[in-house]
Structures are given as C-alpha cells and as structure tokens.
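Colleague: I am new to reading models like this one. Could we go through it together, one question at a time?

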Amino acid sequence: MPLFGVEATFWALLGPFVAAALSPFLAKTLKHNAAWLLAVIPALAFLQFLSFVPGIAEGQTFKASLEWVPTFNVNFSIYLDGLSVLFALLISGIGTLITLYAGGYLKGHENLGQFLSYLFLFMGAMLGVVVADNVITLFVYWELTSITSFLLIGFDHLRRASRRSAVQALVVTGGGGLALMAGLILAGYQGGSFELSELLNSGDVLRESPYYTAIFILVVLGAFTKSAQFPFHFWLPNAMEAPTPVSAYLHSATMVKAGVYLLMRMHPVLGDTELWMTVLPIFGGITLLVGTILGIRQTDLKLVLAYTTVASLGLLVMLTGTSDPVAIQGAVIYLFAHSLFKGSLFMVVGTVDHESGTRDLNRVGGLFSLMPITGTAAVLSALSMAGLPPLVGFVAKEVLYDGTWHTVNGELWTGFAVLGNAMMFALAATVAIKPFFGAKVKTPKVAHEGTVLLIAGSITLAVLGLAAGAFIASVGHQLLSPMTSAILGVPFDEELHLFPTYLSPALYLSLATIALGIIIFMYMDKLRVIVADALRAIGWGPDKGFDQVLEIIIRFATTLTQTVQTGSMVTYMRATFTVIAFILFVPMILTGNWPKLQGIGSFYAYEWFIAAIAVIGVYAVLTARYRVTAIVLLGIQGFAVALIYLLFGAPDLAFTQFMVETLSVVILALVMTRLNLKPTDARSSRGKAFDISLSVLCGAGISMLLMSIVQLPFDPTLSEFFTQYSRTIAHGRNIVNVILVDFRGFDTIGEISVVMVTGLAVLALIRVRPKSNGNSNSEKNR
Amino acid sequence: METLFSVLVGILFAGSIYLLLSRKLVRILLGIAILGNAVNLLIFTAGRLTRDVPPIIPLKSYLPVEATANPLPQALVLTAIVISFSFLAFFLVLGYRAYQELGTDDLLDMRVAEPKEHSEPPLGY
C-alpha cells in the first residue's frame, strides 16, 4: 500500500513547486550546497511513488481527485497505473540526481538559484503530465513543460543561439500542444469522459467514432512535436544550447518522452488500427534512421547524444506503433534503459566538458586514468546503449527484436531497428572510447575527476543499468510488465531473462547488429565525411525552414499592420464612420424595417423658426471663413438647442445648456484665438465629395433609426416609477432633480468626479511643460 | 412631432461628422461640440416630446396633476450635457497643447506615434 495514502501524492506533486520557490533563497545562502538540501524533495516524491509499486504490480490502480472547475469537467485528478508510476519514478528519481549534478555543474554561477528554480518548475510540471487523470489538467501541465523548457534552453540568454533555440523549442512544442488540446477535448466528448481512467475503459468508442482520424492526427501532432519525431526533430539538437543538466534531464530522460508517454497512454483507445500501425512505425522508423545518420555527422559529444536521443525516440514511437504486445514490452524496457543510460551519458559528457574544457571528439582522449569514475559510468552506460550483456539495454534489444519480427510488416520494422541499433552501437562506442581511451590529447583545461556532486548522478544511473540487467526478472515483474499492461489495456506478464534461454531469431539479429555496428564504428570517420558532404549537397533542412517560416509570418504581419494602420487619422475616421453607416443601413436593408413615412405633425411658427436657426447655425459653422465667426455660430446653434429644451418641458436642461454653451464659447474663443485656423478646408474636391456623402449617409441613417424608435410603442415603466415615488419616497417635487440627486445619486457622483478629473487634466496640460523646449510656438504663447 | 426632430438630429449628426472627418484640428473640435448637442437631442427625442409641461409636482399634490414631459431622458441629458462639456474642454486644451508642441494643426502632419517611414520588422532572435 502507498506510504502515506494516495492523497499524499498531491503533496509529492506540490513539492517541486515549493522547491522552486525556495531555490533562489537557499542558493543565495548555501551556494552550490543548496543542491544537497533541495534534492531531498524529489527524493521524497520518489519514495512516495515507489510505495505504489507493489500494489500496481498486483494489478491495482490508484485514483484521487480534487475539484477544480467541475462545471467544465475540469478536475485536478490523478491516476496511477503501471505506465504513470514508472514515468513518475524516472522523473523524481533522475530529478534527484540531476538536482545534485546541477549544483556541481553550475557551482559558482551567479544565477544558480534561478536555474534550480526553473528545473524544479519543470519537474513539477512533468510529474503532473504523467499522473494527471483529467485531460485538461494533463494539457495544462504539458504546456507548462514547454514553457519551462523554453526558460531552461534560454537560460544563457545573452547568447543569440540560446535565444533562437529556446524560441524554436517553444514554437514547435507549444504549437503541437495546441493541436493536442483540440485532440484531447474531441476525444473527451467522443469518449464521454474527460477523465483518462474512464476514457481508457471506453473500448472501441473512439476507434469507431467518425472523428477518429481527426483525434488521431491532433494527438499524434502533439506527441510528434514533443518527442522530436521527423520532420519536427530539429528543435531537439538545438535545445543542446541549454546547460548540460537540462539536456540530461529534459531533453533525454523525461520531457521528450512525454510524447511517447501520450501515445502509450492513448494506445488502449486509439491504437491497434490500420492508421496507427502505419503512421507511427513509418515516422518512428524514419526518425530512427535520420537521427542516427545525423548523429554520425557530429563531432560535438553532446550533439552526438542529442541525435541518438532523437533516434531512440523514433524507435520507441515505431515500437508503440506496431501495437504488438511483445514489441511494446520491448519499448517499455528500452524506454527504461534509455532513461538510465542516456541521462548518465549526458552527465558524463557534461563532466568531461566541465573538467577538460572541451567536448569535441577530436580534442579529448585518454581521460580514463584521470577520471576513472566518470569513465566507468561512460563505459557501463555505453554498453547498455549498444545493447550488450549484461546490461538492461541488451534485454531491451532482445525483446524488441522478438516483438518486431513477429508483427505485420515485421521485416521492414526489424530492418529499421537493426540498422538504427547498429548505428547506435557505433555511436555508443564512439562516446565511450574516444574521450576515455587511446592516446592522451592535450585538453584546454588539465582534466581531473569531477566533484561528488558532478559524478554521483552518472555513476548511480550507470550502476542502476547494470543492476536492472542483473535483476531483470523482478524489475520486469514489478515495474516493466505493469507498464506494458497499462499500455495494452490488458494484463501482460512474461518473465524476462538477462540471457536468452533458446536460440531465437532475436539473438541472431542481435549478433548481426553488433557485427554491423563494429563495421560502422571502424569506418566512422569516413562515414562522417560522406554524411557531411551529403548534407551540404542538400543544403536545406527543417531547421532552416523554421527560420524561413518565421520570417514569412513576421513579414506578413508587418505588411498587414502597415496596410490596416496607415497612421493617417483621416483614414481612421473615414473607416470608422463607413462602418457606422453600414451598421445603420444593413439591418434596415436586410429586414426591410424602414421607418414609416408619417406627417411631421403641427408646429407653431416659432418652433419652426428655432429648428431653422439650429440648422442654419450648423451649416454656417461648416462654411465659416473666420474662427470668430465659427465660434459665434456654434454658440447660436447651441442656444437654439437650449430653446428647444425650454419649449418642450425641460427648463433644467435649457438652463444648463445656456450656461454650458456660454462657457464653451468663452473657452473656445480663448483657445482658438491662439490657434491658426486657416480659412481653407485643405480637402481635395474628391475627398470633400466623399466626406459629404459619408456624413449625409450617417446623418440620414441616424434620422431613420430615431424615427423607427419613436414609432415603436413607448414603454413608460421607468418614467412612471420615478414620477410616482418622487414625492412620496424621495420628498422632492422636481422629478428630474430627484432622479439626479436621489434615485441615481451615484451616477451624479460619477459625473462630478469626471468633471473634476477633467479639470485636473486640463490644469496639468496647461502647466506641465517639457524642461528644454526649443519650440518657438510655446515660447510665444507662454 | 418627433419626425421633424429626427430630421433635425440627423442634420446635426451629419454636420458634426463632416467636421470630424476634416484634417484640421479646429474643425474637429467644432465637430465634437456639435456632436454633443446632437446626441443629447437624440436622447431627448427618443423619450418622446411633450410641450410646455415640465415634470414638476404641484405644491399640494403627491403626483403630477396633468401629463408632464418625460423626466427620465431629461435626467440623462442633464448628465450628458455636463460630461460632453468637460470632454470638449479637455479636447480643446489637448488640441491647443498638441499645436504648441508639434507646431501644426494638420492631422496628417501629426505622426509622432505612427511615423511615416516604416521600420524593418524585428527578424532576429
């Protein structure tokens, strides 16, 4: 049973985020030794997840849930089965070692605290991805891993290459994440549940859904971008710009496997179809070969490892894609082995780089006697990577060959696997032999063994690879077979043996792989030249394509912005009023609801007269030649409106309007006499014609809208309410005043505040002047 | 009766919009002043018109004795008049200061925020 109960897992999930918050402070006081203290948190999480193992090996699963947004089926729920628990163990376990390693690697770095903080944020996010039960929760964590990966790759943000790689990783994995979200939501609605634990029991519902292809493409896009499958593989080697602890942790052992995790997770409901068994093995196989071939090309040890990681991910996707139980068991063992040996090898390369000052294949050699522990870790891990006994990598290769050999199109997939593994063998040999054996080469720094913090991780993982090989039967029963069962959706438990018990085809394939690998290793230098020449001949790759696509997007956005936003106020105003004219007329045209023509009613002569004054006033303002005339005419128009208020039962409005108009005229006169109002309009006759038509159109539209409104029956509810209660409740006889100060008193407070703020703003505008003002106008007017 | 007022409101709007479409700061300010009146009159008219009788309750009564003008739009317009006045005052001073700082009252020359020359988009990382 779990150590502290299933609910304690929530604390294990929270732990890394707490550590992220603590890191900067601890690193400030304890320097690199803070790593020792901080590593306790992932170690505790590891123990918590480890306590589930016996139960899960017996076929149990564990669930717990906290409500988040239940109305949208979003819960903070966790689901632990063989698949998620092994991933969680790898993340927290390797995370513990990486924390130590980071402390040693960035010893003395001023931003160590920040770095550890990002690293823990990632750890928390990644644990969330693999234990999340709710698909929305999973997606949130998924994107969080992309973001933290961005932060970590761009850690050395003063270098352009770092920034580029960070952006690239974010765009590729984040973009895939969006596809994944759509896919998961679609799957959730089709499958009837947003909880993976329920969705996985829905049987053939998704496979028979008409949206199966859409779900498949979206989910696979998310997985392929995250797990760097061809043609999205290019971001992963670029991500090696990050400090080595990041490469070891995110870009080999954990995050890049999130895509594989997703495919494995969804296998019970999406797998085992013709589409699945075609697309996945083909892309996986191509990725395997492309990764290894590009790996041969490299001389930078870290890049060699990066490309073999791409290849290994391809292999995992290919195996998952076969939907064959034994092949999937092979994938599980390989995934486990890969996390151990690749994490270890990255740390080894980082240590070599850190201690000798270079990680170029041709500039290191004979380091074994100087760095015996690191060298041992390198040899053990490389043996596992090469698939040699007695390491766990050997078992993985045996089982996966056994699996692929018996599937549909097995010859093809086996061919891919043998070729890929042979090249992987050669590359493993290169990584282990080149730096540590042979003649001593003078390195930029005098090499010596790394500190405890630096070597603890790599040697632990390497020895674990050896131990896992030795105890493969119980490791298989406790950890690996439960994971295979979870992927398959049916119990699977075949005993694993370190050494083959009979002469199977897999053994012959293994021998062929080794033979081929040795040949490739011998001709490595020649092959490197050939691959380099071939790549130069092609000259274009998805990496360049990424830049081109980005440039096209940016240029398009710029052109679009410049077209839409010309910077000319006149254009903006014309566009605005054109839209208003459309809004006014389109509904009337579409619905045919034109206002009815009615008689204008009977008016007294003086009412006509006042209306005429208003109209004439406006017309005169338009045509005024001098600014004083314009101001006076504006006042006339305003007074005419005030008279209208007076005649139609609104004395309060009339008085206010009189006052405001008077003030407006005074202020206008004050300001405008200082402005230079040219008599000419400065508009071309065509522009004038357009503006006149536009304003007449808008005016006519508003007229007709108002006509339509007043032709509707009047709803006097509110007016009656105010009239009725004005005296009885609010004790006032002037209803308009009562509304203003009583019923809607807060509105009036708001209005007063607006006036006050405006007053302050006016004051500020007038009084605040730039200190050094060479503008002659302002001098003149002061 | 409201029909005539609708036409009047439309004319005020048309005049104000024509001024707003101008290039010259001063004409735009005049347009804003007229726009305020146009909108107020629109609200007033939409609340229906009643001649002569203001919404005031006689001294000895608790309710108006005859049909009065609609008090609601009056209350709204009263607020609006004051707000549009502050608006106008602010814009006047803003326009005045802009003229002082930039030395022009032509909108096409006021291009500090959106300069005429387009710069290259940021293509690097």
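What follows is a set of questions and answers about this model.

Modeller: This is a predicted model, in which local features need pLDDT of at least 70, side-chain atom pairs count only at pLDDT 80 or more, and totals for chains, interfaces and linings use all residues. Residues are numbered from 1 along each chain as its sequence is written, while chains are lettered from A and ligands numbered from 1 in the order in which they are written.

Colleague: Where is confidence lowest in chain A?

Modeller: Chain A averages 89, and 97% of its residues score at least 70. Over residues 773-782 of chain A, pLDDT stays under 50. Where pLDDT is low, the predicted coordinates should not be read in detail. The lowest mean, 42, belongs to residues 776-781 of chain A, helix H34.

Colleague: How many helices and strands does chain A have?

Modeller: Both are DSSP runs, numbered from the N terminus: helices are H or I with at least four residues, strands are E with at least two. By that count, chain A has 2 strands and 34 helices.

Colleague: In which sense do strands S1 and S2 of chain A pair?

Modeller: Two strands pair if DSSP finds at least two bridges between them. S1 covers residues 62-69 of chain A and S2 covers residues 74-80, with 7 bridges linking them. A:Lys63 stands opposite A:Tyr79 in S2(A). The sense is antiparallel.

Colleague: What is the radius of gyration of chain A?

Modeller: It is taken over C-alpha atoms, and the globule rule is 2.2 Å times the number of residues to the power 0.38. For a compact globule of 782 residues, that would be near 28 Å. The C-alpha atoms of chain A fill a box of roughly 115 × 65 × 55 Å along the principal axes. The radius of gyration of chain A is 37 Å.

Colleague: Which element gives the most to the side of chain B that touches chain A?

Modeller: Residues are in contact if their C-beta atoms, placed from the backbone, lie within 7 Å. Here 100 residues come from chain A and 82 from chain B. Helices H1 (2-20), H2 (25-46) and H3 (71-102) of chain B each give two or more residues to that side. With 23 residues, the one that gives the most is H3(B).

Colleague: How much of residues 6-21 of chain B is helix?

Modeller: An unreviewed UniProt entry annotates this stretch as "transmembrane region"; such annotations may be inferred rather than shown by experiment. Its end C-alpha atoms are 22 Å apart, and strand makes up 0%. Helix makes up 94%.

How values were computed:
pLDDT is the predictor's confidence in each residue, from 0 to 100. Two residues are in contact if their C-beta atoms, placed from the backbone, lie within 7 Å.
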